[in-house]
Number of protein chains: 4
Amino acid sequence: MIRGIFAPIPTPFKDDNIDYNALKNNLALWAETPLTGVVVLGSNGEFAYLTQKEKVQLIAFVRENLPDSKQVIAGTGCESTIETIELTRKAADLGCDASLILTPHYYKGAMSDKALKSYFRDVADACETRIMLYNMPRNAGLNLSSDTVISLASHQNIAGIKDSSGNIVQIAEICANTPDDFAVFAGSGSFLLPSLAVGAVGGTLAVANIMPAVCVELMNRFNEGDLTGAKKLQHLLLEPNKAVTAKYGIAGLKAALDIIGYKGGEVRRPMLPAGTEVISEIKQILKRAQVI
Amino acid sequence: MIRGIFAPIPTPFKDDNIDYNALKNNLALWAETPLTGVVVLGSNGEFAYLTQKEKVQLIAFVRENLPDSKQVIAGTGCESTIETIELTRKAADLGCDASLILTPHYYKGAMSDKALKSYFRDVADACETRIMLYNMPRNAGLNLSSDTVISLASHQNIAGIKDSSGNIVQIAEICANTPDDFAVFAGSGSFLLPSLAVGAVGGTLAVANIMPAVCVELMNRFNEGDLTGAKKLQHLLLEPNKAVTAKYGIAGLKAALDIIGYKGGEVRRPMLPAGTEVISEIKQILKRAQVI
Amino acid sequence: MIRGIFAPIPTPFKDDNIDYNALKNNLALWAETPLTGVVVLGSNGEFAYLTQKEKVQLIAFVRENLPDSKQVIAGTGCESTIETIELTRKAADLGCDASLILTPHYYKGAMSDKALKSYFRDVADACETRIMLYNMPRNAGLNLSSDTVISLASHQNIAGIKDSSGNIVQIAEICANTPDDFAVFAGSGSFLLPSLAVGAVGGTLAVANIMPAVCVELMNRFNEGDLTGAKKLQHLLLEPNKAVTAKYGIAGLKAALDIIGYKGGEVRRPMLPAGTEVISEIKQILKRAQVI
Amino acid sequence: MIRGIFAPIPTPFKDDNIDYNALKNNLALWAETPLTGVVVLGSNGEFAYLTQKEKVQLIAFVRENLPDSKQVIAGTGCESTIETIELTRKAADLGCDASLILTPHYYKGAMSDKALKSYFRDVADACETRIMLYNMPRNAGLNLSSDTVISLASHQNIAGIKDSSGNIVQIAEICANTPDDFAVFAGSGSFLLPSLAVGAVGGTLAVANIMPAVCVELMNRFNEGDLTGAKKLQHLLLEPNKAVTAKYGIAGLKAALDIIGYKGGEVRRPMLPAGTEVISEIKQILKRAQVI
């Protein structure tokens, strides 16, 4: 069973190319943290701006440059079923521990519960790897309902879900109605503790890129029954989490990495880089959260 | 400080009039439960369908027919500031422990953070009673932001908030940034435990009308550090809670009360009563939740 | 059949009371315009901030202070069926030509198509007057579907609809599938011409308060087949219309009235008055639209 | 200046491959209609399910298999600026008359007006072809504001917009505030006439695939000042238009093509094919609209 805290790592760019040196540097730093592993090609990885060829190279690079003690989950969801199957198989061949598969979403009107179930079952049938469903309504404009997730949980290759909806009732419904070995992950550091309280067993958290130890410590405190301690850490995470997600986005996350000694690198166009005011604001936030 | 579990009681009707006999019967039954108290004229009380005169009568009746050991919170929010002040003062005169005041919302475009702050401060300045803010986006079509709540929390008469948004991050932000004696209440039984986990101290829960003991027990387990027990009860609450809120609404809540020996009474038009199929479905749900 | 251009007049306040002198002054001015009539207690009339008693007084006052040549439509929708019937009957007794009845909306989840149909039929059955349905999703948070409208159009007392949704396809569907004497009105000056193009026969337009002649002229040009002229006037209306609706709201409309020699009066709390910057901006907009 | 009625053609599939024989057949049929041209790789073309290689082949095939008298617009928007530029250049090299470029949208929070302006300017600067902006909120979950469009309209390579929002006020604002040679196109047959009324000069309409003559006739009637005739045709288009867009989607459009003698072909997974009930319903709709 998959469990623990994963960082959905950003992809550093330089002059519109992937900056593998910067990435190597970052992976070495994350390897020294208590993180369970990383997600490559999650939303924070700007996967939507990468070609299929770049995606495969990136997965391979990350797996090769992380010690075996760290797990790697690859984001392999594409719009079409065929492309998703192809990329998921490659990720498995490259040694990834699981694939995180986003709901296809461009044709929202056509993505009924029935279509989504068929999609995930087709992919799970075709790939010998563990699949985590990925629900990301803020980007996809589409919610994966708890009923659909509960139905899919019975497939032997579908091992869990990363739910980034922030809908804690939906997360509770999934926890309450899926087998014990179905792994529910919080999709953001802002609702890690409440997710654990209703039955989640891990998280894939943008803020874990910059505060890995705090995220892991929060989960440990919870598991040890220290609720007051866990609550304090949850409160501490709120502001930096918002800074590197809803407020300043991936550009903000990369700026935060630069500030704490990683190499965030550039974003790819059409995304815009963080301006100096934003960078200065992020510094203040990281100070208040005792990250720097 | 206000804390504990409250039931936002429905208003039973008979031939379009308030059925005070039915209500008296129900109040006697709730008085025997471990509930901290009740909310009269919450959304579940069909306040929007009552005249101002009926509202005052109803508040008086509920206060008189509950023992002093049970607290009464009155829903006194109206669209205009003047009417809200008038009704809030009457509720205080009638002995209510606090007023629950909904965001005015018809003119959504005009209800900026600034307007909402002025509104709540005007009311709190004019009334000598404890005020709980009431955030109910599903009905009001308007969210009371955490920044606005945090700013209002410094007013000495503003004692807390009932947040029915289900936005657990917002609830956490409010808990993290308001004084310790500012009471944050979960607005639905579906997210009671996660709210407690991030710092809430109570709940105003439709499902507490029909499962008061379970709701109180969940909170007790949480306070005693029995997280596994609290989680089981939270999972148990999910289905009956949905049945008496989002799924079948107030008509469903009234049907559930009828089933368990209370007197739900009729709804007022234009609301439609629960049909026989819905009633039968609710019975099944109550059986699965071991209520009957 | 109701047709033509109506102004949904604002209610001037002074120290939280209705300023009848200001209103009388305004009515005398509107009487001299080519408007077909006015709507009293529309959304722009701040009806949500008025007591039932004030509403009846206001309807009576407006009817008495306008010449018989001008029609009066009264906004009489309340949340409960009983109150709506009561107020609609009073408006008919007071000589109004029709009642404009908003969808009840607080309990959004309960306001199914079936509930809304029952509501409007109950009201239409109980009142001997012409009823116009009022669809105002921006404020009500609820849309009255074209299917529901088409079904209701067969009721002999239901004479038309004011659709403020701006959903031009829905307006076209209603025009295409209702009897010829069912009056479809544009609910905003920003989509008057496109509504006429698909079959509307009038409008209830906030901007008609300040530019009555232009609104009427647009409709005349359209009826005469002068599409180029109608289009120019439609383009002219866009900016001032936005200023007195979505952008600056009722406070903006009142400021605009003050600027052009009417008496806008104060707004009622919790609405906030227009600041000096907004007033100055509105002046510029009115200049660009050649109103002043 | 681009003007006229275009059909955004679907891509027929067979066993997950593009069925070029079916497409060739269809192109020959469309060539005989009064359509101005076609859009290849619009939303209806399932572009999101095609690889970059397939996209280029498809553009080439369509251009080669249509007579020069018919214009071809290619949908070339990708998420990243680099990929969009690359594909747009290829489309121009292959002889397309213009490129239709969708708003990038996966990272909605980052796609500010500023980012979108930079994106379209970067693409327009890098490509020697006419660019039509493509606003498709229903699929993209993102609206291209009238202010942004008005600002972009001054770029010499940005020749127009296809607005599928259905927001007729926005369409009017764009028509009112852009140069006369900036082409505004209705993005759906359900609001073609109202768009023409406020200043549009064409349409890219799913329903034009199956009712090309009616769509062209509507525009001709409007241009000749026959408003009553144009209105009748607009009303006629409503139901079949809905059937092949919001109601039954691309699968419905393909089924309709099959019914009228074209070769719709299969949809690509995860999209689901139209079931027999849907096909039978579409037949009834096409009969009522006198298509068959």
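View 1. N135(A) sits in β7, the strand that runs over residues 131-135 of chain A. This is a predicted model, so every close-up here shows computed coordinates. Is N135(A) buried or exposed? With a relative accessibility of 0%, N135(A) counts as buried. Its side chain makes a polar contact of 3.3 Å with the side chain of D163(A). Leaving aside residues up to four places away in sequence, N135(A) also touches a run of others, including L142(A), N143(A), L144(A), I161(A) and Q170(A).

**View 2. Helix α3 of chain A and what packs over it.** The 13 residues of α3(A), 81-93, reach 18 Å from the first C-alpha to the last, close to the 18 Å expected at 1.5 Å a residue. Which residues of this helix are buried? They are T81(A), E83(A), T84(A), I85(A), L87(A), T88(A) and A91(A). Just past the end of α3(A), look for G95(A), which takes a positive phi of about 95°.

View 3. In chain A, R221(A) and E217(A) pair up in a salt bridge, 2.8 Å from N to O. The two are four residues apart in α9 (residues 212-223) of chain A, so about one helical turn separates them. R221(A) also meets D226(A) in a salt bridge, this one at 3.4 Å. How exposed are these side chains? R221(A) is partly exposed at 27% relative accessibility, E217(A) is partly exposed at 31%, and D226(A) is partly exposed at 29%. Over in chain B, R221(B) and D226(B) form a salt bridge with their closest N and O atoms 3.4 Å apart. There, R221(B) comes out at 27% and D226(B) at 30%, which counts as partly exposed. Over all chains, the structure holds 40 salt bridges.

**View 4. Where chain A meets chain D.** Here 37 residues of chain A are in contact with 37 residues of chain D. Together the two chains bury about 3000 Å², with 63% of that on carbon and sulfur atoms. Y106(A), Y107(A) and R269(A) supply 25% of the area that chain A buries against chain D, more than any other three residues. Zoom in on the charges and you'll find two salt bridges between these chains. R269(D) bridges to D122(A), with the closest N and O atoms 3.0 Å apart. A network of salt bridges also links D16(A), R269(A) and D122(D). On the chain A side, the elements giving two or more residues are α3, α4 and α5 (137-140). The largest share, five residues, comes from α4(A).

**View 5. The axis that relates chain A and chain D.** A rotation of 180° with 0.0 Å of shift along its axis superposes chain A on chain D, at an RMSD of 0.0 Å. The two copies are thus related as by a two-fold rotation axis. In chain A, the C-alpha nearest that axis belongs to G141(A), 3.0 Å away. The copies meet through the same surface, because 100% of the interface residues of chain A are also interface residues in chain D.

**View 6. Pairs of chains that stay apart.** Chain A and chain C do not touch, and their nearest C-alpha atoms are 18 Å apart. For chain B and chain D, which do not touch either, the nearest C-alpha atoms are 18 Å apart.

Technical notes:
Residues are numbered from 1 along each chain as its sequence is written. Chains are lettered from A and ligands numbered from 1 in the order in which they are written. This is a predicted model: local features need pLDDT of at least 70, side-chain atom pairs count only at pLDDT 80 or more; totals for chains, interfaces and linings use all residues. Side-chain values use heavy atoms; hydrogens and water are left out. Copies are superposed by least squares on the C-alpha atoms of residues with pLDDT of at least 70 in both. Contact means heavy atoms within 4.5 Å. The expected span of a helix is 1.5 Å times one less than its number of residues. Buried means under 20% relative accessible area, exposed over 50%, partly exposed in between (1.4 Å probe, protein chains only). Buried area is the accessible area (1.4 Å probe) that two parts lose on being put together, summed over both. A salt bridge is a side-chain nitrogen of Lys or Arg within 4 Å of a carboxyl oxygen of Asp or Glu. A polar contact is a pair of N or O atoms within 3.5 Å; within protein, one must be able to donate a hydrogen and the other to accept it, and residues adjacent in sequence count only if both atoms are side-chain atoms.
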